[in-house]
Amino acid sequence: MGTRIAPPQQLPREIPQLVQKNKSFQPGLVVIPVGGKVEFPNRDPFFHNVFSLYEGKRFDLGLYESGTTRFVQFDKPGISFIFCNIHAEMNAVVIALSTPYYGISDARGEVSIENVPPGRYQLEIFHPAVAPDALRAVAREVTVGPEQNTLGNYSLSETDVVAAHKNKYGRDYDPPQPDSPAYARP
């Protein structure tokens, strides 16, 4: 808004990982600066296919085997829902931001954002289980001043946003077949 903020930069040693292990992505949320990269190592004993077709970065890493890794650069701001085209239960989120001012809530839902200079800002909230329209409805301009140290409470209603996703072809996932050769290492 009214406050000019230098965009954050990612250093090579700060590249986060979304590890594929036990048919899940760990961690489930990664926040990076715009232009930053995320590493996607496969630590399961079978193939994965990592993709995103949503708002942020659209990509498809193809099939890759256990012990290998791939990188994706997130070149524009936005939210990328990450999935595996083989395992429907796998999902994560990468958020690419053009600001250094953000916070991730703790177990009680509390967030703290340190060292924000006084000024006007656009406050946006994200939760993977809340519909985009509901998130847009709570976004607002806020003013941070020397005496302003709280922005109040926000309440969100969860929905099943991620649970109903389709595969990268826009179709329902095939039922799991753990003994299938497609899941095994070559």
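Tutor: In this predicted model, a nonpolar core means a set of buried Ala, Val, Leu, Ile, Met, Phe, Trp, Tyr and Cys residues joined through side-chain atoms within 4.5 Å.

Student: Which residues touch the most other members in the largest nonpolar core?

Tutor: The largest nonpolar core has 20 residues, and β3, β4 (37-41), β6, β8 and β9 each supply at least two residues of this core. Counting contacts with other members picks out four residues, which are Leu18, Phe40, Phe74 and Ile82.

Student: What are the edge strands of the open sheet of 5 strands?

Tutor: The strands of this open sheet follow the order β3-β9-β8-β5-β6, and their pairing is mixed. An edge strand here pairs on one side only, and this holds for the two strands β3 (29-33) and β6 (59-64).

Student: Which residue in β9 is the bridge partner of Ser80?

Tutor: Strand β8 (residues 78-84) runs antiparallel to β9, and 6 bridges join the two. Within this pairing, Ser80 has as its bridge partner in β9 the residue Val94.

Student: Where does Ile104, a member of a nonpolar surface patch, lie?

Tutor: Ile104 makes a nonpolar surface patch of about 260 Å² together with Leu29 and Tyr102.

Key:
Residues are numbered from 1 along each chain as its sequence is written. This is a predicted model: local features need pLDDT of at least 70, side-chain atom pairs count only at pLDDT 80 or more; totals for chains, interfaces and linings use all residues. Side-chain values use heavy atoms; hydrogens and water are left out. Patches are made of residues with over 30% relative accessible area and no salt bridge: like charges are joined within 9 Å, nonpolar side chains (Val, Leu, Ile, Met, Phe, Trp, Tyr) within 5 Å. Accessible areas come from the Shrake-Rupley method with a 1.4 Å probe; for residues, only the protein chains shown count as cover. A salt bridge is a side-chain nitrogen of Lys or Arg within 4 Å of a carboxyl oxygen of Asp or Glu. Two strands pair if DSSP finds at least two bridges between them. Helices (H or I, at least four residues) and strands (E, at least two) are DSSP runs, numbered from the N terminus. Buried means under 20% relative accessible area, exposed over 50%, partly exposed in between (1.4 Å probe, protein chains only).
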